[in-house]
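What does the lining of a cavity consist of, and how do helices pack against each other?

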Amino acid sequence: SVAVAVILVRELSVVDYAGYTAISGLLIALMVISSGGLERVLPRYFPELRPAKAEPELKSFCWSLLLLRLAFLVVFLLPLVLAYPLISNWLKLPADDALMWTFALYALMFGMGLHLSRSLQALLLQRSATTGLAVEWFSKLAILLAWLFYHRQISLFDAVWIQGSTAALGNLYMLVALHRHFV
């Protein structure tokens, strides 16, 4: 993640890096607002269900929380997407629909990745959580380097798109690991 940050600092233009910083701040604010307190539920109840030999309940609870997190993200992303022209003007971002939808993808994947990682950790599957994050960050680094090699520059849109798509890769790995745990 440090290498990715260094590459983005060095390769984005000043204007694009300012936009990237604003988007990152918006992303963090969105995660706090849309969490619904679920980050407290996972470590609190998952360990209680495990020793109680309540695997079917644990499985159902885990998938329900995952769907609830997805719903929270969608509910909070919709007004953000609808208000994007105002937000882009306020944050001095390009008023570009492609950037808006790319940010929405990134925010959705980032939020789901946080939830999946915490779920795996609460289930004592730290290796799967760590591997999922490694898949995300090493693919992010590889794609950024390949992009720069072929295009010699990176734009704000490209950076956000790469962030969202590689987060989706890590999420896919963690989702499969979660599914395998319960099968």
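The lining of the largest cavity has eight nonpolar residues, no polar ones and no charged ones. This is a predicted model. The residues in that lining are Leu 26, Leu 77, Leu 80, Val 81, Tyr 84, Met 100, Phe 103 and Ala 104. The volume of the largest cavity is about 30 Å³. The structure holds one cavity of 30 Å³ or more.

Rolling a probe the size of a water molecule over the atoms shows where empty space is left. The largest pocket holds about 200 Å³ of space. Two or more of its lining residues come from each of helix H4 (55–82), helix H6 (97–122) and helix H8 (156–182). Look for Trp 63, Leu 66, Leu 67 and Leu 70, which are among the residues that line the largest pocket. Leu 108, Met 109, Met 112 and Leu 116 also line the pocket. Asn 171, Leu 172 and Leu 175 complete the lining. By class, the lining of the largest pocket has 10 nonpolar residues, one polar and no charged.

Now for the helices. Two packed helices are described by the angle between their axes and the distance between the axes.

Take H2 and H6. Helix H2 covers residues 14–34, and its axis comes within 10 Å of the axis of H6. The two axes cross at roughly 45°. That angle makes H2 oblique to H6. Their crossing is right-handed. On the H2 side, the contact uses Ile 23, Leu 26, Leu 27, Ile 28, Leu 30 and Met 31. On the H6 side, Leu 99, Phe 103, Tyr 106, Ala 107, Phe 110, Gly 111 and Leu 114 meet them. The contact of H2 with H6 divides into 12 nonpolar residues, one polar and no charged. Two names here come back from the cavity: Leu 26 and Phe 103 also line the largest cavity.

H6 has another partner, helix H3 (residues 38–49). The axes of H3 and H6 come within 9 Å and cross at roughly 20°. Angles under 35 degrees count as roughly parallel. H3 and H6 are therefore roughly parallel to each other. This crossing, too, is right-handed. H3 brings Leu 38, Glu 39, Leu 42, Pro 43, Phe 46 and Pro 47 to the contact. H6 brings His 115, Arg 118, Ser 119 and Ala 122. The contact of H3 with H6 has six nonpolar, two polar and two charged residues.

The last pair is H1 and H7. Helix H1 spans residues 2–11, and helix H7 spans residues 126–151. They pack at an angle of about 30°, and their axes are 9 Å apart. H1 and H7 are therefore roughly parallel to each other. H1 passes H7 in a left-handed crossing. From H1, the contact takes in Ala 3, Val 4, Ile 7, Leu 8 and Glu 11. From H7 come Trp 137, Lys 140, Leu 141, Leu 144, Leu 145 and Leu 148. Nine residues of the contact of H1 with H7 are nonpolar, none is polar and two are charged.

Conventions
Residues numbered from 1 in each chain as written. Predicted model: local features only at pLDDT ≥ 70, side-chain atom pairs only at ≥ 80, totals over all residues. Heavy atoms only, no water. 1 Å grid on protein atoms, 1.4 Å probe; cavity = no way out; pocket = protein on both sides within 12 Å on 5 of 7 lines; lining within 4 Å. Points joined across faces, edges and corners; volume = space filled by probe spheres on them. Helix = DSSP H or I, 4+ residues; strand = E, 2+ residues; numbered from the N terminus. Nonpolar A, V, L, I, M, F, W, Y, C, P; charged D, E, K, R; others polar. Axes fitted to C-alpha atoms, helices over the stretch in contact; angles between N-to-C directions. Parallel < 35°, antiparallel > 145°, perpendicular 65-115°, else oblique. Left-handed = near helix turned anticlockwise from the far one by under 90°. Contact = heavy atoms within 4.5 Å.
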